[in-house]
Amino acid sequence: MITHPKPQELTEAVARWIEQIRPQLDPRNAFLARVAANALAAVTRELELSEAAKARAIERLEPILGHGGAYEGLNWELCEKLRAGDLGVETPRLMAVLRANVLDQLAIDQPGYKHEGA
Amino acid sequence: MRLAGQGARAVDAQRLTGGASMETWAFAIEGPKGRDELILRRRSAPFDPESSRSTSLAAEAALIAAARAKGAPAPPLVHLCDDADGLGEAHVTRRVAGETLGRRINSDPRFDGVRGLLARQCGEVLAKIHAVRPPAAAELKAADAAVELQRYEDAYRASGAERPVLELAFRYLRESLPEPRPPVLLHGDFRNGNLIIDPEKGLAAVLDWELSHIGDPAEDLGWICVNSWRFGRPDRPVGGFGEYEDLLAGYAAAGGAPIPLSRVRFWQALGSLKWGVMCLMMYASWASGADASVERPMIGRRVSETEIDLLNILEAGL
């Protein structure tokens with residue numbers, strides 16, 4: 001398989017082109033073009049960050065659930081236990097683990113989002 | 001020209017941004033009597049995940065009239081469209097001068113003089129809205145906290161998403177349900193972004209009444225405190241421009257039955273949870289092919305903002 005151009009370079013090239021043509025667009029399309037550029041930026045961040053984020057999430061979930069495994073399975077089990085009330089806000093370390101995992105996702109989705117805990 | 005008679009013409013029509021299920025157009029009528037600045041609202045999407053909760057534009061018109069009669073500021077209705085207009089479901093209101101963009105209201109120096117007044121004004125206006133007897137013609141739905149929570153949990157389960165923080169929040173809020181209290185008329189979408197702010201006078205008009213329903217008065221107060229509508233100012237809990245205390249004081253001063261802060265915080269948390277589920281639903285409407293806009297899938301990436309906001313509330317306590 002080829003190594004260049006990397007997928008992040010392709011998304012970056014398209015995002016730059018959108019920024020170039022944006023000033024010529026009517027207000028509605030200028031707004032949608034900004035959304036499109038934001039979507040490409042999120043894809044770029046996902047390509048760069050998601051693999052490491054997933055590995056960190058697995059490490060954090062292991063002590064909470066008592067075993068390791070693939071991320072999807074651990075996440076499903078965590079959801080089931082939260083839904084059933086087997087885990088909750090009083091569970092030691094749980095809130096810190098959820099916070100760390102959500103912050104990793106937020107770094108991909110909306111790194112500029114300002115919240116009360118920032 | 002039905003609105004202005006012979007010799008008048010509509011000019012300068014421009015679609016305003018924002019609003020995915022409803023088109024909003026600014027335009028003007030120029031005629032013998034001068035120029036009128038107007039707003040046309042028109043339903044554009046045949047289906048929307050929120051539409052089951054929303055009223056018709058005719059109901060919105062009735063609500064605006066009822067709210068204005070109680071002294072709540074809303075743009076005066078000029079015309080409710082019918083078949084002869086050929087616009088489908090639509091109405092025309094007068095354009096109220098001022099700013100609606102939350103980020104500008106919260107950070108532009110033009111609003112420095114009024115920003116500190118806004119939270120109290122919001123409380124006062126909400127008390128007036130909650131005192132309105134619901135117009136029978138509007139056929140509003142009723143929902144308390146338990147009903148709302150169940151509705152959004154059902155929607156979340158149907159989406160197939162697996163989001164641990166949303167699971168935690170559903171369970172936590174179900175165990176923290178406030179005691180029911182007498183239901184009132186709610187605006188239903190009272191938040192920074194749906195308010196017109198005048199740089200001299202402050203709150204000049206409340207927009208977007210189509211999510212109005214009957215329910216817990218704290219719902220409207222909690223919704224404007226949801227961090228997603230604080231536009232970069234999480235340190236100012238009311239809309240990113242004011243303090244809880246001022247919102248509650250304004251509400252009580254204008255005759256609203258006093259509401260404890262914890263009840264507002266409950267609805268703020270439920271508000272973040274609802275917005276998270278709405279983001280999932282908007283993504284789903286794109287994934288199913290019902291809505292092809294580029295906005296919809298991208299809104300699906302806003303779920304994580306509601307998750308961090310929920311964790312902040314749940315850790316601090318209600």
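## Second largest pocket

In this predicted model, α4(A) provides the largest share of the lining of the second largest pocket, namely 7 residues. The volume of this pocket is about 910 Å³. Its lining comprises 31 residues, of which A:Y71, A:N75, A:Q105, B:E162 and B:R163 lie closest to the centre.

Both chains contribute elements to the lining: α2, α3 and α4 of chain A, and α5 (164-174) and α8 (261-287) of chain B, each give two or more residues. By residue class, the lining of the second largest pocket consists of 15 nonpolar, 7 polar and 9 charged residues.

## Extent of the interface

The contact between the chains involves 35 residues from chain A and 34 residues from chain B. Together, chain A and chain B bury about 3300 Å², and carbon and sulfur atoms account for 62% of this area.

On the side of chain A that touches chain B, at least two residues come from each of α2 (27-65), α3 (71-84) and α4 (94-109). The helix α2(A) gives the most to this side, with 10 residues. In composition, the side of chain A that touches chain B has 20 nonpolar, 8 polar and 7 charged residues.

Technical notes. Residues are numbered from 1 along each chain as its sequence is written. Chains are lettered from A and ligands numbered from 1 in the order in which they are written. This is a predicted model: local features need pLDDT of at least 70, side-chain atom pairs count only at pLDDT 80 or more; totals for chains, interfaces and linings use all residues. Side-chain values use heavy atoms; hydrogens and water are left out. Contact means heavy atoms within 4.5 Å. Buried area is the accessible area (1.4 Å probe) that two parts lose on being put together, summed over both. Helices (H or I, at least four residues) and strands (E, at least two) are DSSP runs, numbered from the N terminus. Ala, Val, Leu, Ile, Met, Phe, Trp, Tyr, Cys and Pro count as nonpolar, Asp, Glu, Lys and Arg as charged, and the others, Gly among them, as polar. On a 1 Å grid over the protein atoms alone, a cavity is a set of points where a 1.4 Å probe fits but cannot get out, and a pocket is an open set with protein on both sides within 12 Å along at least five of seven lines; lining residues have an atom within 4 Å of a point. Grid points are joined across faces, edges and corners, and a volume is the space filled by probe spheres set on the points.
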